[in-house]
Amino acid sequence: MKPLRVGIVGARFAARFHWNGYQKVYGTPVEVTGVTSASSESRKAFAHEHGMRAFDSFEALCDAADVIDICAPGSLHETLAVAALRRGKHVIVEKPFTGYYGPGTDDFRGNRFSKEIMRQEALASCDRILTAARESKRIICYAENWVYAPAIQKEREILTKSRGQALWIIGDESHSGSHSPYYGQWKFSGGGSLVGKGCHPLTAALSLKRSEGEARMGKPIRPVTVSARTHEITRNKNFQDEGFLRKDYDDVEDYSQVHVTFQDGTVADIFASELVLGGVHNWLEVFANNHRTRCNLNPVDALETYNPREELFKDVYVVEKIGTKQGWSRPAADEDWQHGYPQEFQDFMESVRDGREPLSNGELARDTIAVLYTAYVSAEKRGTEVEIPH
Ligand SMILES: NC(=O)c1ccc[n+]([C@@H]2O[C@H](COP(=O)([O-])OP(=O)(O)OC[C@H]3O[C@@H](n4cnc5c(N)ncnc54)[C@H](O)[C@@H]3O)[C@@H](O)[C@H]2O)c1
């Protein structure tokens, strides 16, 4: 079998862990043939480091690939995905699938712009990508790693095999602030904590309810309403800055909470913020009618270590966003694995090979965007319950 040729768009943070993911795919030959990005130095450095070609243009990358993997800022996802699909390529899109990034004017401020317009535009953007995928008969993969995290996958097995009903799901992704220079400006990121971090536990919850419905009733259970609040805590004039949290956000929130109701009357509560010290805090708990499961993605207690002096661990990676390595910590034994990255690329490559939908597919991506932007509509009304348009 000829290897599937993958071309990566973007040469920084996400591109690196995607490349690592492809190295672990088994049973399907995969070759990462090249990369393109905004700056020629970064793509050349990335290509040199990983033994692939650096392409000066997106079009040239497409010509050399069967699958285009989009690891560029969210504001570019739709344009790149549609262009690649129209060129007959299968497409992987990082989170957020797409969104609303403003009308292109200098005075656009996401936190003050009409959220109803944002929602309409974000959903129209989803539909343009899904239509392009349908028309080109190519596979669209939504790169939401939480769907594949081993802890979430085990709960999917428990929920479906026990024929349980998840009554209440609660989940959170938080840390002390994103590293990306694009993050913090709505025109690049399409939102703040809610879109950037809340998407992860939210998609996991939506995916579990889909699987539950398919197992018990032969069709997914989908979200119907949302109530949400967002806040800009580090830009609040009373915020006392001690220097541990990132605080230079431009026009996005740094705290969000979302309450989702589903077609069967059950609920999920999703939290996301940039206010949490002590390393990334990724977890989801399921309260079902017949069991209760706590999924810890990070930290996990596979190992616990005590370091008496900070500099002893200067070359040791401990865990994402840990502020200090001194004292007790819970180093990630295999952070990529516990976050679901290798499993994600395994499913994507098999779905392209076999011409089938991946578990994290376009429909799940669209439901996620519908909940996220309906949450902004609700937050604009200070938490009023709002229906999700389907
Ligand atoms: N799943 C996760 O856990 C996770 C984590 C981080 C980022 N992400 C997502 O991955 C995507 C990239 O984020 P990142 O953190 O790597 O950002 P980054 O800022 O580190 O890198 C962005 C890359 O996109 C490239 N780029 C910008 N404009 C481009 C253009 N016009 N054409 C080609 N390339 C262009 C840049 O040169 C850069 O290499 C975002 O959608 C982000 O939300 C996902």
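**Entry 1: a strand pair.** I began with Trp 283 and found that its bridge partner in β12 is Asn 296. For the names, helices (H or I, at least four residues) and strands (E, at least two) are DSSP runs, numbered from the N terminus. I count two strands as paired if DSSP finds at least two bridges between them.

A note on what I am reading: this is a predicted model, in which local features need pLDDT of at least 70 and side-chain atom pairs count only at pLDDT 80 or more, while totals for chains, interfaces and linings use all residues. Residues are numbered from 1 along each chain as its sequence is written, and side-chain values use heavy atoms, with hydrogens and water left out.

**Entry 2: the sheets.** Which order do the seven strands take in their open sheet? I read it as β12-β11-β7-β10-β9-β8-β15, with mixed pairing. At the edges stand β12 (292-298) and β15 (386-387); each has a single partner strand, so one side of each is left without a neighbour in the sheet.

I then turned to an open sheet of six strands, ordered β3-β2-β1-β4-β5-β6, where the pairing is parallel. Its edges are β3 (53-54) and β6 (140-143), each with a single partner strand, so one side of each has no neighbour in the sheet. Strand β5 (residues 90-94) is joined to β6 by four bridges, and these two run parallel. Within β6, Tyr 142 stands opposite Val 93. A reminder to myself: strands of a sheet pair through backbone hydrogen bonds, either parallel or antiparallel.

Entry 3: Most residues other than glycine have a negative phi, and most peptide bonds are trans. I went looking for exceptions.

- The peptide bond from Lys 95 to Pro 96 is cis, with omega near -10°; Pro 96 sits in the loop between β5 and α5.
- The bond from Asn 298 to Pro 299 is also cis, with omega near 0°, and Pro 299 is in the loop between β12 and β13 (305-307).
- Arg 163 has a positive phi, near 55°, and is not a glycine; I found Arg 163 in the loop between α6 (150-161) and β7 (166-174).
- Arg 382, again not a glycine, has a positive phi of about 55° and lies in the loop between α11 (362-380) and β15.

**Entry 4: two domains.** The domain assignment gives domain 1 (4-145) and domain 2 (147-343 + 369-387); such bounds come from an automatic or database assignment. The contact (heavy atoms within 4.5 Å) takes 31 residues from domain 1 and 34 residues from domain 2. The C-alpha centres of the two domains lie 22 Å apart.

How much area do domain 1 and domain 2 bury between them? I get about 2,800 Å², with 58% of it on carbon and sulfur atoms. Buried area here is the accessible area (1.4 Å probe) that two parts lose on being put together, summed over both. In domain 1, the residues that lose the most area to domain 2 are Arg 119, Glu 144 and Asn 145, together 25% of what that side buries.

Entry 5: I searched the whole structure for salt bridges (a side-chain nitrogen of Lys or Arg within 4 Å of a carboxyl oxygen of Asp or Glu) and the search finds 27. One of them joins the side chains of Lys 161 and Glu 157 (2.9 Å, N to O). Both residues lie in helix α6, four residues apart, about one turn of the helix.

Across the interface of domain 1 and domain 2 the rule finds one salt bridge. I also looked up Arg 109 and Asp 250, whose side chains meet in a salt bridge (2.9 Å, N to O).
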